[in-house]
Amino acid sequence: MHEASIAISLLETVSEQCLREGYSSIESVRLRLGKAAGIMPDALLFVFDIVKKDTIACEAELIIDFIFLGGHCLDCNARFESEERYIFACPVCDSRSIKITQGDEMQIVDMEVD
Ligand SMILES: [Zn+2]
């Protein structure tokens, strides 16, 4: 399960940043997670709670903001969003010439430190 390595590198990133800015504990981490990022949020939350022990983020809560998959159609120019994890055709005209512009990102938005 690659969520484990994601959770570990996430913790390393926020811990480094927190210490560099002179704080000693992390209270929460907010993450933007695209529906198409290929990461299971439940698994990520689960692993995060395990690996955060013995770190300065041991009390930290992981908050996930979901980003829907979205894009536009190169044929009919429609813009669309989808709750699906994958989309292969334009929901308006059924064209397969679509460009996905959001939904595969994972990004730390902010964190609360103490
Ligand atoms: Zn279309």
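Predicted model: local features only at pLDDT ≥ 70, side-chain atom pairs only at ≥ 80, totals over all residues.
Figure 1. At a relative accessibility of 37%, Glu27 counts as partly exposed. The residue is located in strand 1, which spans residues 26-34.

**Figure 2. The salt bridge between Arg30 and Asp65.** The whole structure contains 3 salt bridges. In one of them, Arg30 pairs with Asp65, and the closest N and O atoms are 3.0 Å apart. Arg30 belongs to strand 1 and Asp65 to strand 2 (residues 61-67), so this pair ties together parts separated by 35 residues in sequence. Arg30 is partly exposed, its relative accessible area being 29%. Asp65 is likewise partly exposed, at 28%.

**Figure 3. The salt bridge between Arg32 and Glu105.** The closest N and O atoms of Arg32 and Glu105 are 3.6 Å apart in this salt bridge. Distant parts of the chain are linked by the pair, with Arg32 in strand 1 and Glu105 in the loop between strand 5 (98-102) and strand 6 (106-113), 73 residues apart. Arg32 has a relative accessible area of 29% and is partly exposed.

**Figure 4. The salt bridge between Asp49 and Lys52.** Asp49 and Lys52 form a salt bridge in which the closest N and O atoms lie 3.0 Å apart. Asp49 is partly exposed, with 39% relative accessible area. Lys52, by contrast, is buried at 12%. The two residues fall into separate classes because buried means under 20% relative accessible area, whereas exposed means over 50% and partly exposed covers the range in between.

**Figure 5. Ala7 of helix 1 and Ile50.** Ala7 is placed in helix 1, which comprises residues 3-20. Its relative accessible area is 0%, and Ala7 is therefore buried. Along the chain, Ala7 and Ile50 are 43 residues apart, while their C-alpha atoms are separated by 9.4 Å.

**Figure 6. Asp94 and Ser95 in the loop between strand 4 and strand 5.** Asp94 is found in the loop between strand 4 and strand 5, and Ser95 lies in the loop between these strands, of which strand 4 covers 79-82. Asp94 counts as exposed, with a relative accessibility of 58%. Ser95 counts as buried, at 9%. A polar atom of the Ser95 side chain lies 2.9 Å from the backbone nitrogen of Ser97. The phi angle of Asp94 is near 70°, a positive value in a residue other than glycine.

**Figure 7. Asn77 in the loop between strand 3 and strand 4.** Asn77 is situated in the loop between strand 3 (69-73) and strand 4. The residue is exposed, with a relative accessible area of 60%. Phi of Asn77 is near 70°, which is positive although the residue is not glycine. Most residues other than glycine have a negative phi.

Definitions and conventions:
Residues numbered from 1 in each chain as written. Heavy atoms only, no water. Helix = DSSP H or I, 4+ residues; strand = E, 2+ residues; numbered from the N terminus. Buried < 20%, exposed > 50% of the residue type's maximum accessible area, 1.4 Å probe, protein only. Salt bridge = Lys/Arg side-chain N within 4 Å of Asp/Glu carboxyl O. Polar contact = N/O pair within 3.5 Å; in protein donor to acceptor, adjacent residues only side chain to side chain.
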